[in-house]
Amino acid sequence: MTENVLEKETLTEEKLMESWTTSEKENSKEKYGVEIMIDNGTWEQVNTKECPNDASIITYVVDGQTRYDLTRGQKAVNIFNMYYDKFRGGMKSINYGKGTYNPKTWGIEPPKIKKRK
């Protein structure tokens, strides 16, 4: 019985931790031209090199907690507009990500290498 109560408490805490709904994530690409790659991640998750080099790390505060997102956008102005519309004064900074991949080839499967006879 106590296990069920603990599970419910952790589930409600996890639901509160999400800053973006799935519809907001989907519509951000159309409305602002911004893709949210990592939502409410840790500093280690958003500071990865396994992402495109045009990704930005967004720092913002919600309910007294500092949160980090990894996003991609055509212009920094579009990223700023999206986060300002959502969080107003809670947005703290927009920094360059540490990614090393070319944005043109991000998400494309490498071609299969054929064996020579």
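Colleague: Which residue in S3 is the bridge partner of Val-34?

Modeller: This is a predicted model, in which local features need pLDDT of at least 70, side-chain atom pairs count only at pLDDT 80 or more, and totals for chains, interfaces and linings use all residues. Residues are numbered from 1 along each chain as its sequence is written, and side-chain values use heavy atoms, without hydrogens and water. Val-34 has Gly-73 as its partner in S3. Strands S1 (residues 34-41) and S3 (residues 65-73) run antiparallel, joined by five bridges; strands (E, at least two residues) and helices (H or I, at least four) are DSSP runs numbered from the N terminus, and pairing requires at least two DSSP bridges.

Colleague: How is a pair of aromatic rings described?

Modeller: By the distance of the centres and the angle of the planes. Seven such pairs occur here (centres within 6.5 Å; stacked under 30 degrees, edge-to-face over 60, otherwise tilted). Tyr-60 and Phe-87 are stacked because their ring centres are 4.4 Å apart and their planes lie at 20°. This pair links distant parts of the chain, 27 residues apart: Tyr-60 is in strand S2 (residues 55-62) and Phe-87 in helix H4 (residues 76-87).

Colleague: Which residues do ring pairs link into a cluster?

Modeller: Trp-20, Tyr-60, Tyr-83 and Phe-87.

Technical notes:
Phe/Tyr/Trp six-rings, centres within 6.5 Å; stacked < 30°, edge-to-face > 60°.
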